[in-house]
Amino acid sequence: MRLNWGNKLGPDNILCADFPEPNWIVPGIFPEGLTIFGGKPKAGKSTLCLGLANTIASGGKFLGKIQTAPQEVLYLALEELPRRLKPRLIKMLNGATPTGKIHFSFQWPRIDQGGLEKMDSWLKDHSNVKLVIIDTLARLRGIKGLGSSIYEADYNEIAGLKEIADNYSAAFIVVHHLRKADSYDVLDLVSGSVGLTAAADTIAILQKVSGLADSELFLSGRDIEEVELALKFHRETKSFSILGQAEEYRMSLERRELLEFLR
């Protein structure tokens, strides 16, 4: 049954319709749509994203375990210089030949200066690109003016990017910062108003931890079950790999500390 989204739909229309499953750029982790990827400075956000770009371009295993299909990638490295990116790429490739499927850009117009229009036009000309990484949101955001609330401004900027992602069935990973203050609700860690998280499809947060794991990756969204993964960082290849569920590694650390205390 085909639905006309412009008309009002009753429960029967929705229940009888066949909805396609979302496209996954990384199965079970990053679906199509817009993901806000948060982390504190030096947490490894850019490193993980660069590794993701390399993995998707080659169709490798993300985080050492999750098989992906090869796709073209647009990477907006708006806080980087090519000379600083080169040594990290060499380590990540680890002797492998580059695929040529990553399109790097180190400058892009801000959202209120034609950035969305350029993104739409660029993706029209590069229809094979299914992953767009924006590093960072702060370098793409427009200058907030009078006449709208902070919530509205945050929501509208993310909604504009999300609309483009949806139109091209692409996954947008937007790197952002976390608040300095801690919070019991992980989603409240994202810097800015709740307009950012409200407009996004998925929230991913990378945090450094001490103990058996080097970092933890939290994910929650409309198409993904809430998950927390324990990660190990490999300095020689500038890459992360999955150790397991974060909760299990936290318990292991607590048990080890208890045994050391008892000794």
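Analyst: Thr136, for one, sits in the loop between strand 8 and helix 5. This is a predicted model, where local features need pLDDT of at least 70 and side-chain atom pairs count only at pLDDT 80 or more, while totals for chains, interfaces and linings use all residues. Residues are numbered from 1 along each chain as its sequence is written, and side-chain values use heavy atoms, with hydrogens and water left out.

User: Why is Lys124 called exposed, and what is Asp120 called?

Analyst: Buried means under 20% relative accessible area, exposed means over 50%, and partly exposed is in between (1.4 Å probe, protein chains only). Lys124 has 57% relative accessibility, so it counts as exposed. Asp120 has 22%, so it lands in the partly exposed class.

User: What makes Arg141 and Asp154 a salt bridge, and which parts does the pair tie together?

Analyst: Their closest N and O atoms are 2.1 Å apart, so the pair meets the cut-off. Arg141 lies in the loop between strand 8 (129-135) and helix 5 (150-167), and Asp154 lies in helix 5, so the pair ties together parts that are 13 residues apart in sequence. Arg141 counts as buried because its relative accessibility is 12%. Asp154 is buried too, at 1%.

User: How do you know that Glu228 and Arg250 form a salt bridge?

Analyst: Their side chains meet at 2.7 Å, N to O, so they qualify. Glu228 is in strand 12 (residues 227-234) and Arg250 in helix 7 (residues 246-262), so this pair ties together parts 22 residues apart in sequence. Glu228 is partly exposed at 28%, and Arg250 is partly exposed at 31%.

User: What makes a group of residues a nonpolar core?

Analyst: It's a set of buried Ala, Val, Leu, Ile, Met, Phe, Trp, Tyr and Cys residues joined through side-chain atoms within 4.5 Å. The largest one has 38 residues, and Phe30, Leu52 and Leu131 are among those with the most contacts inside it. Helix 2 (residues 45-58) gives the largest share of this core, seven residues. A second, separate core has 33 residues, including Leu76 and Met119.

User: How do you know that strand 8 is largely enclosed?

Analyst: Six of its seven residues are buried, so the rest of the structure largely encloses it.

User: Why is strand 8 said to pair with strand 6 and strand 9?

Analyst: Two strands pair if DSSP finds at least two bridges between them. Strand 6 (residues 72-77) and strand 8 have six bridges, in the parallel sense, and strand 8 and strand 9 (residues 171-177) have four, also in the parallel sense. Both counts reach the cut-off, so both are pairs. Tyr75 stands opposite Ile133 in strand 8, while Leu131 stands opposite Ala171 in strand 9.

User: Why is Asn54 called buried, and what is it in contact with?

Analyst: Asn54 is found in helix 2. Its relative accessibility is 16%, so it counts as buried. Contact means heavy atoms within 4.5 Å, and, leaving aside neighbours within four places in sequence, Asn54 is in contact with Leu89, Met92, Leu93 and Ile102.

User: What makes Asn94 stand out?

Analyst: Its phi is near 50°, a positive value in a residue other than glycine. Asn94 is in the loop between helix 3 (82-93) and strand 7 (102-105). With a relative accessible area of 60%, Asn94 is exposed.

Terms used: Salt bridge = Lys/Arg side-chain N within 4 Å of Asp/Glu carboxyl O. Helix = DSSP H or I, 4+ residues; strand = E, 2+ residues; numbered from the N terminus.
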